[in-house]
Amino acid sequence: DAVSYHFITPERFDAMIAEGALLEHAKVHGSACYGTPRADVYAALAAGKAVLLEIDLQGARQVKQNLPDAQLVFLTAPSWEELERRLRGRGTEANEAVTRRLETARAELAAQDEADFVIVNDDVERATRTLVRLMGL
């Protein structure tokens, strides 16, 4: 808490949405709520820092609406089969959760043309170099 994430109550989360304090927010995979505090992003940008958000399609659409100059990068597996192998290979979730994630992935893949850039993660080092280059670092 307060390092990589801020854990707050559902009531506080709803209040932040109502206040417009989140740059983006989403309910992901039917259960977990995530959001990015607007003030944190604006402060980093004002300080001249590059900001990278790892968010879902719903959140990316909100960011683009709130920050039209934001560059959206879609990171994808080289194939559907590889994506499914990676998800199942983790062994961290029940089959129902993996199925739900795959359904979400299918919808997100269909919308990848909304992104400014698409990176195929067939080699993690190459994908990372591409992302860093796109960020101007």
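These are my notebook entries on what I looked up in this predicted structure.

**Entry 1: ground rules.** I am working from a predicted model, where local features need pLDDT of at least 70, side-chain atom pairs count only at pLDDT 80 or more, and totals for chains, interfaces and linings use all residues. Residues are numbered from 1 along each chain as its sequence is written, and side-chain values use heavy atoms, with hydrogens and water left out.

**Entry 2: the whole protein.** I looked up the elements and found six helices and four strands, where helices (H or I, at least four residues) and strands (E, at least two) are DSSP runs numbered from the N terminus. Along the sequence the pattern reads α-β-β-α-α-β-α-α-β-α, and the C-alpha atoms fill a box of roughly 40 × 35 × 25 Å along the principal axes. Of the 137 residues, 25% are buried; buried means under 20% relative accessible area, exposed over 50%, and partly exposed in between (1.4 Å probe, protein chains only). I also noted that, among contacts between residues at least 6 apart in sequence, 52% join residues at least 24 apart, a contact being heavy atoms within 4.5 Å.

**Entry 3: helix 3.** Turning to helix 3, residues 57-66, I found Leu57, Gly59, Ala60, Gln62 and Val63 buried. Their cover includes strand 1 (22-28) and helix 5 (95-110).

**Entry 4: Asp56.** Which side chain of opposite charge is nearest to Asp56? I found that it is Arg61, 8.8 Å away, and that Asp56 is buried without a salt bridge; Lys and Arg count as positive and Asp and Glu as negative, while His and the chain ends are not counted. A salt bridge here needs a side-chain nitrogen of Lys or Arg within 4 Å of a carboxyl oxygen of Asp or Glu. Asp56 sits in the loop between helix 2 and helix 3, and its side chain reaches the backbone nitrogen of Gly59 at 2.9 Å. Apart from neighbours within four places in sequence, Asp56 is in contact with Ala26, Val28 and Glu108.

**Entry 5: salt bridges across the chain.** I counted eight salt bridges by the rule above. In one of them, the side chains of Glu114 and Arg61 meet at 2.5 Å, N to O. Because Glu114 lies in the loop between helix 5 and strand 4 (117-120) and Arg61 in helix 3, the pair ties together parts that are 53 residues apart in sequence. Lys64 and Asp116 also meet in a salt bridge, at 3.3 Å, N to O, and this pair links distant parts of the chain, with Lys64 in helix 3 and Asp116 in the loop between helix 5 and strand 4, 52 residues apart. Lys64 is partly exposed at 25% relative accessibility, and Asp116 is partly exposed at 34%.

Entry 6: I then looked at Arg88 and Glu84, which form a salt bridge whose closest N and O atoms are 3.0 Å apart. Both lie in helix 4 (residues 80-90), four residues apart, about one turn of the helix. An α-helix has 3.6 residues a turn, so residues three or four places apart point the same way. I also noted a network of salt bridges that links Glu82, Arg85 and Arg86.

**Entry 7: the surface.** Finally, I found that Leu45, in helix 2 (residues 38-46), counts as partly exposed at 41% relative accessibility.

Note on methods:
A polar contact is a pair of N or O atoms within 3.5 Å; within protein, one must be able to donate a hydrogen and the other to accept it, and residues adjacent in sequence count only if both atoms are side-chain atoms.
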